[in-house]
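Here is a friendly briefing to read alongside the model.

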Amino acid sequence: MSQKIRSTFILGIETSCDECSASIVSHTPNSEFQVLSLTTFSQIHIHRPFGGVVPEIASRNHLETINPIIDQALTDAGIAAQDLSAIAVTNRPGLVGSLLVGVSAAKAMAYALDKPLIPVHHLEGHAASIFLPTPNSVEREQPLDFPMLLAIVSGGHTNLYLIHQPPETWPADFLKTALIAQTRDDAAGEAFDKIAKSFGLPYPGGIALEQTAVQGNGNPHAFSLPRALPQSFDFSFSGLKTAASLLANQLRQTGTFHDRLPDLCASAQEAIVDTLLTKICLAVKQYKCKSLALVGGVAANKRLRARLTAEAPNTLTRPPLFPPLSYCTDNAAMIAAAGAFRFQQGHTLSFEQTLTLNAIANPAF
Ligand code: KG4
Ligand code: ZN
């Protein structure tokens, strides 16, 4: 009961792409989080035959699943909708039709229950994911030392941010002002997905490529693939994508593709991991960062986690931080966490703003 009095209870809703997700997190004034529930319906199997997400199918499916997903999250958490402190929803960026479903559901609930509504930028959700405890744990993360280098590495973004203050004081546009590097073409997750597709692996490619490399005991140094822009903090993966696909075709012509697939996957993965690692370590040194965090779907990659842990500069005051695996790819717990920080700062919408909140496809702030 004492926990209920001290804590806020935030419902998070995430529908920006092909995951329909709702979560209840509790948050104490000294930033202890507990994920009381996380319910996600993944549409991966629906989009797999098309080799990628079909936006119209995604939004129609969100429409069917959003209400049962929110009900389930409330039931699993043992919280009545009336006891929620606020509702946080991803309203940008993403597929506009998919975002609209989550935003409409959140607006309707906020209006009907007379609860504050908090719009959340999807990337701010990924940033907040490092503060979530491992599932079923109430353990508190140690405080971070600043400046922190935050790498958001997902299917749509490969961004480096220099963060100077704790999340309780993050201003509304902190991701805009803190950005120090981004990709000039494909994102790292997009590179994983497109390279995997050119190897004939199923969507989504990141995990499929990783598993093929691991299960076939692939050699990461079997093939030499390009690592672009070695002198810059910015990223570029389109040359690697082309080189990997050409190499796959050469191996097909010589009839060795199937046998060499694990080596091919391990080598492509290594090129992406090397590129990320080099620039992240360079930025940590250049900006004298004391902590380092890696978030987003690609942060689930085990080779990347292991190499970053082993090779991060020893000037960091603690090992690199990664969210628990279940909070790397898109999920509503991270949206609820970002919403909790905003709620703590009093950043909720007025009645008028609640009714007019819109979904925005563009990532700009
Ligand atoms: O953060 P996320 O779920 O969605 C976006 O905001 O984009 O990231 C999805 C991306 C996909 O490109 C997917 O292939 C990649 O994360 N991914 C991985 C792994 N798991 C997911 N990439 C490499 N290794 C993985 N284990
Ligand atoms: Zn994401």
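Lys 194 pairs with Glu 190 in a salt bridge whose closest N and O atoms are 2.9 Å apart; a salt bridge here means a side-chain nitrogen of Lys or Arg within 4 Å of a carboxyl oxygen of Asp or Glu. The model is a predicted one, so local features need pLDDT of at least 70 and side-chain atom pairs count only at pLDDT 80 or more, while totals for chains, interfaces and linings use all residues. Residues are numbered from 1 along each chain as its sequence is written, chains are lettered from A and ligands numbered from 1 in the order in which they are written, and side-chain values use heavy atoms, with hydrogens and water left out.

**Salt bridges**

- Helix α7 (residues 188-198) holds both Lys 194 and Glu 190, four residues apart, about one turn of the helix; helices (H or I, at least four residues) and strands (E, at least two) are DSSP runs, numbered from the N terminus.
- Lys 194 counts as partly exposed because its relative accessibility is 33%, and Glu 190 is partly exposed too, with a relative accessible area of 24%. The classes are buried (under 20% relative accessible area), exposed (over 50%) and partly exposed in between, using a 1.4 Å probe and protein chains only.
- The structure holds twelve salt bridges.
- One of them joins Asp 274 and Arg 227, with the closest N and O atoms 2.7 Å apart. This pair links distant parts of the chain, 47 residues apart: Asp 274 sits in helix α10 (residues 257-286), and Arg 227 in the loop between α8 (205-215) and α9 (238-253).
- Asp 274 is buried, at a relative accessible area of 18%, whereas Arg 227 is partly exposed at 32%.
- Glu 270 forms a salt bridge with Arg 303, where the closest N and O atoms are 2.8 Å apart. Glu 270 belongs to helix α10 and Arg 303 to helix α11 (residues 302-311), so the pair ties together parts that are 33 residues apart in sequence.
- Glu 270 is buried, with a relative accessible area of 2%, while Arg 303 counts as partly exposed at 32% relative accessibility. Salt bridges that share partners join Arg 227, Glu 270, Asp 274, Arg 303, Arg 307 and Glu 311 into one network.

**The zinc ion (ligand 2)**

- The protein donors are His 122 (NE2), His 126 (NE2) and Asp 330 (OD), which lie 2.0 to 2.1 Å from the zinc ion. Donors are N, O and S atoms within 2.8 Å of the metal (3.2 Å for Na, K and Ca), and because water is not among the atoms, sites may look incomplete.
- Along the sequence, the donor residues of the zinc ion follow the spacing H-x3-H-x203-D.
- His 122 and His 126 share helix α5 (residues 122-128), where they are four residues apart, about one turn of the helix.
- His 122 counts as buried at 8% relative accessibility, and His 126 counts as buried at 0%.

**Around ligand 1**

- Ligand 1 is surrounded by 18 residues, the closest being Gly 155, Asp 193, Glu 210, Asn 301 and Asp 330; a residue is near a molecule or strand if one of its heavy atoms lies within 4 Å of it.
- A polar side-chain atom of Asp 193 lies 2.6 Å from an oxygen atom of ligand 1.
- A polar side-chain atom of Asn 301 is 3.0 Å from a nitrogen atom of ligand 1.
- Asp 330 places a backbone N or O atom 3.0 Å from an oxygen atom of ligand 1. The protein covers 87% of the 560 Å² of accessible area that ligand 1 has on its own; accessible areas come from the Shrake-Rupley method with a 1.4 Å probe, and for residues only the protein chains shown count as cover.

**Backbone details**

- The peptide bond from Phe 146 to Pro 147 is cis, with omega near 5°, and Pro 147 lies in the loop between α5 and β6 (148-153).
- The peptide bond from Tyr 203 to Pro 204 is also cis, with omega near -5°; Pro 204 is found in the loop between α7 and α8.
- Asp 114, a residue other than glycine, has a positive phi near 55°. Asp 114 is in the loop between α4 and β5 (117-121) and counts as exposed at 68% relative accessibility.

How values were computed. A polar contact is a pair of N or O atoms within 3.5 Å; within protein, one must be able to donate a hydrogen and the other to accept it, and residues adjacent in sequence count only if both atoms are side-chain atoms.
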